[in-house]
Each structure stands twice: as structure tokens, then as C-alpha cells.
Amino acid sequence: MSVLEIIDLKTWFQTQDGLVKAVNSVNLRIEKNERVGLVGETGCGKTVLSFSIIRLLQPTTMIEGKILYKSKDILKLSEREMQKIRGKEIAMILQNPTTALNPVLKVGDQIAEAIWLHQGLKKKEAKEKAVEMLEAVKIPLAEKRANEYPHQFSGGMKERALIAIGLACCTSLIIADEPTRGLDVTTKAQIIKLMKDMTKQRSMLFITHDLEVAAEICDNIAMMYAGELVEYAKTDDVFKNPLHPYTQGIFNSLPNRGLKPIKGMSPSLIDLPSGCRFYQRCDYAREICKNRHPEMVEMENGHFVRCLLYD
Ligand SMILES: Nc1ncnc2c1ncn2[C@@H]1O[C@H](COP(=O)(O)OP(=O)(O)OP(=O)(O)O)[C@@H](O)[C@H]1O
Ligand SMILES: [Mg+2]
């Protein structure tokens with residue numbers, strides 16, 4: 001049984017400008033102790049996909065498909081049933097540590113509350129465990145720091161505190177949305193190491209626009225482009241043999257591989273092209289790519305790609 005199995009998921013928003021098709025027919029599976037990196041440029045639908053899993057979208061959102069968490073369809077659960085899963089079994093480490101922590105509560109108390117809520121420990125034990133968690137995420141002088149407020153923490157320390165909250169709850173699935181965004185190089189490296197060490201025995205969906213960060217932490221990589229997955233493979237295979245022109249373009253844009261950006265911009269999610277969504281930016285585009293929307297096909301064992309070059 002997979003921990004998470006997303007089947008043909010569509011998440012769309014009705015807006016004044018039209019229907020925003022943020023997530024389109026996504027299929028993705030996460031096994032026990034497996035860490036999957038979801039990689040793609042800004043606006044491609046990564047956060048919307050993760051919010052769909054944890055059901056943090058406004059009720060007017062149109063969601064179709066299945067999200068099976070341990071074989072149970074999350075989309076069919078009542079809000080009360082969902083509350084039992086959210087935070088306790090599926091934890092989300094959010095993108096913005098400044099707004100994710102409560103400014104008027106001491107950091108230690110916020111971690112203790114998460115532990116108390118989800119692990120059924122007594123309040124005093126939860127407080128002790130919170131200090132242990134702060135130590136585990138390498139916050140110096142953890143006992144003293146536990147009594148400080150979020151504004152007394154640096155950006156990197158806030159992110160660590162959020163990771164501590166996420167990990168405190170015996171979760172079986174962690175969704176981490178850009179936990180290294182906005183951090184300086186040194187802090188970023190520390191957080192990456194921390195995430196890697198502390199999620200060894202967990203399942204995780206790790207969201208980032210940075211392929212190299214995903215590679216450090218994840219076993220598999222899912223490349224997302226304009227609301228759909230375009231490549232999926234083991235991390236090593238993506239690096240040794242990137243198949244999709246978009247993935248190849250991302251590699252070519254890395255500082256150590258030529259710093260050559262992909263030309264053009266991704267299409268509007270309100271007005272998606274009928275053929276390949278990468279058509280206009282692709283160096284290998286042919287006439288057929290303009291009109292035919294490619295399916296995801298398996299090229300080698302476990303290496304999937306959505307591109308007519310391989311059809
Ligand atoms: N509530 C909403 N109503 C309408 N459109 C939305 C809503 N939430 C997100 N979108 C749109 O869905 C698209 C995908 O957004 P999303 O936040 O998932 O991107 P992302 O891949 O996480 O980007 P980033 O890397 O910048 O975080 C964007 O075009 C965004 O404007
Ligand atoms: Mg996002």
C-alpha cells in the first residue's frame with residue numbers, strides 16, 4: 001500500500017479572468033520512506049497541488065480525481081475527519097516561516113502544542129519534548145530559545161522551528177513547500193542537511209524550484225510544467241539522462257552547466273495550448289507538437305516522460 005497515491009487530479013479555480021487550470025491530470029505515488037521532489041518554475045502549480053493534498057483550498061475550488069492516503073480518498077473525507085489527519089499524519093512545512101508561526105506565542109510553546117495535540121503527552125512532557133526537538137534541529141541554547149518569540153528568531157531559525165513542528169507529530173507524510181526559499185547559502189545548506197537527516201524514515205513530498213536542492217534530498221523527482229507532470233524518474237536517472245526538453249533546459253540553466261536560461265515564458269494557465277505546453281519554448285518542437293498533447297509514457301523502468309519526441 002502506498003502512503004499517497006494521486007490519481008488524475010485536477011485543481012481549477014474560477015476567477016474573473018477565467019478558469020485557472022492550476023493542476024491538470026496529475027498522477028503521483030509516494031511509497032513508505034520515499035522522498036519525492038516536485039520541481040518546476042514559479043506558478044506551475046506546486047503549492048496548489050500540495051494544498052489539494054492537505055485540503056487547504058477555499059470551498060469554491062474545483063477538485064477532481066482521487067487522492068488516496070493509505071488507500072483512503074482524502075477528497076471524500078469530512079472536514080472533521082480531515083482535521084484528524086492534517087498535522088497528525090500529514091504535516092505541512094510551509095513556504096513562509098514568518099506567517100506560519102504565531103507571533104504572540106513562544107516558539108517552544110508552539111512546538112509543545114503540536115506535540116500535545118498530536119501525541120497525547122502531558123503538557124510538561126510536551127514542553128520537554130519541544131526543547132529536544134529544537135536541539136534536534138540544531139538550534140543553539142534550545143532551552144533558552146524555547147522561551148523566545150518568533151521575531152527573536154532569524155529566518156533560518158524560524159524555518160528550523162517549523163521543521164521541528166512538522167517532525168514532532170509522528171507524521172507518516174511530510175509535505176515541505178520550499179523550506180529553503182529566501183535563506184542565505186550557508187543556512188540553506190544547513191537546512192537541506194537537516195531535512196535529509198531527519199526524514200530518512202519518512203515519506204515526503206519536497207517542493208522546490210531548485211533541481212539541485214531536490215537531488216540532495218529526494219529519491220525520485222517529478223518535474224512539473226504548466227500544471228502537469230512532464231517527467232518522473234529516480235533522481236540519478238534524471239541527472240544522468242534527462243529526457244524532457246524542459247528538464248534538459250533546466251539543467252542548461254544551472255550555474256555550473258552554462259547558465260543558459262530557457263527562452264520565453266510558460267503559458268497562461270487560463271489559456272493552455274491544445275498541443276504540448278512546452279511547444280513554444282522547445283528547441284526540438286515539430287509541427288505535430290503544436291496540436292497533439294503528449295501522454296506520459298514509460299521509457300525505461302520507472303522513467304516517465306511526456307514528450308512526442310519519444311512517442
Ligand atoms: N486561490 C486561487 N485562485 C486563483 N488562482 C490561483 C489560486 N491559487 C493559486 N492560483 C494560481 O495557480 C497557479 C499555480 O500557483 P502555485 O502557487 O501552485 O505555483 P507554485 O508552483 O507553487 O509557484 P512558486 O514556485 O512561486 O511557489 C498560479 O497561476 C496562481 O496564480
Ligand atoms: Mg509555491
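Guide: Two strands count as paired if DSSP finds at least two bridges between them. Keep in mind that this is a predicted model.

Visitor: Fine. In which sense do E9 and E10 pair, and over how many bridges?
Guide: Strand E9, residues 220-225, pairs with E10 in the antiparallel sense, over six bridges. One bridge joins methionine 224 to leucine 229 of E10.

Visitor: What sits between the strands in that hairpin?
Guide: Two residues separate E9 from E10 there, and alanine 226 has a positive phi near 45°.

Visitor: Which other strand pairs with E10?
Guide: Strand E12, residues 303-305, also in the antiparallel sense, over two bridges. Tyrosine 232 has phenylalanine 304 of E12 as its bridge partner.

Visitor: Is E10 mostly covered or mostly open?
Guide: Mostly covered: of the seven residues in E10 (228-234), six are buried.

Visitor: And over the whole protein, what share is buried?
Guide: 41% of the 311 residues count as buried.

Visitor: Which residues have the most contacts inside the largest nonpolar core?
Guide: That core has 88 residues, and the ones with the most contacts inside it are Leu38, Ile111, Ala164, Phe206, Ala222 and Met223. Helix H7 (residues 155-168) gives the most to this core, with eight residues.

Visitor: Take methionine 223. What is it in contact with, leaving aside neighbours within four places in sequence?
Guide: The contacts of methionine 223 include Leu229, Val230 and Glu231, and also Val39 and Gly40. His244, Tyr246 and Thr247 are on the list as well.

Visitor: Back out a bit. How many helices and strands does the protein have?
Guide: 12 helices and 12 strands. The radius of gyration is 20 Å, close to the 19 Å from the globule rule for 311 residues, so the protein is as compact as a globular protein of that length. Along the principal axes, the C-alpha atoms fill a box of roughly 65 × 45 × 40 Å.

Visitor: Now the ligand. Which residues are closest to ligand 1?
Guide: Phe13, Thr42, Lys46, Thr47 and Val48, out of 14 residues that surround ligand 1.

Visitor: Which element gives the most to that shell?
Guide: H1, with three residues. Helix H1 (46-54), strand E1 (4-15) and strand E2 (18-30) each supply at least two.

Visitor: How does the shell around ligand 1 split by class?
Guide: Six residues are nonpolar, seven polar and one charged.

Note on methods. Residues numbered from 1 in each chain as written. Chains lettered and ligands numbered in written order. Predicted model: local features only at pLDDT ≥ 70, side-chain atom pairs only at ≥ 80, totals over all residues. Helix = DSSP H or I, 4+ residues; strand = E, 2+ residues; numbered from the N terminus. Rg over C-alpha atoms; globule rule 2.2 N^0.38 Å. Buried ≥ 20, exposed ≤ 12 C-beta atoms within 10 Å, placed from the backbone. Near = placed C-beta within 6 Å. Nonpolar A, V, L, I, M, F, W, Y, C, P; charged D, E, K, R; others polar. Core = buried A, V, L, I, M, F, W, Y, C linked by C-beta atoms within 7 Å. Contact = placed C-beta atoms within 7 Å.
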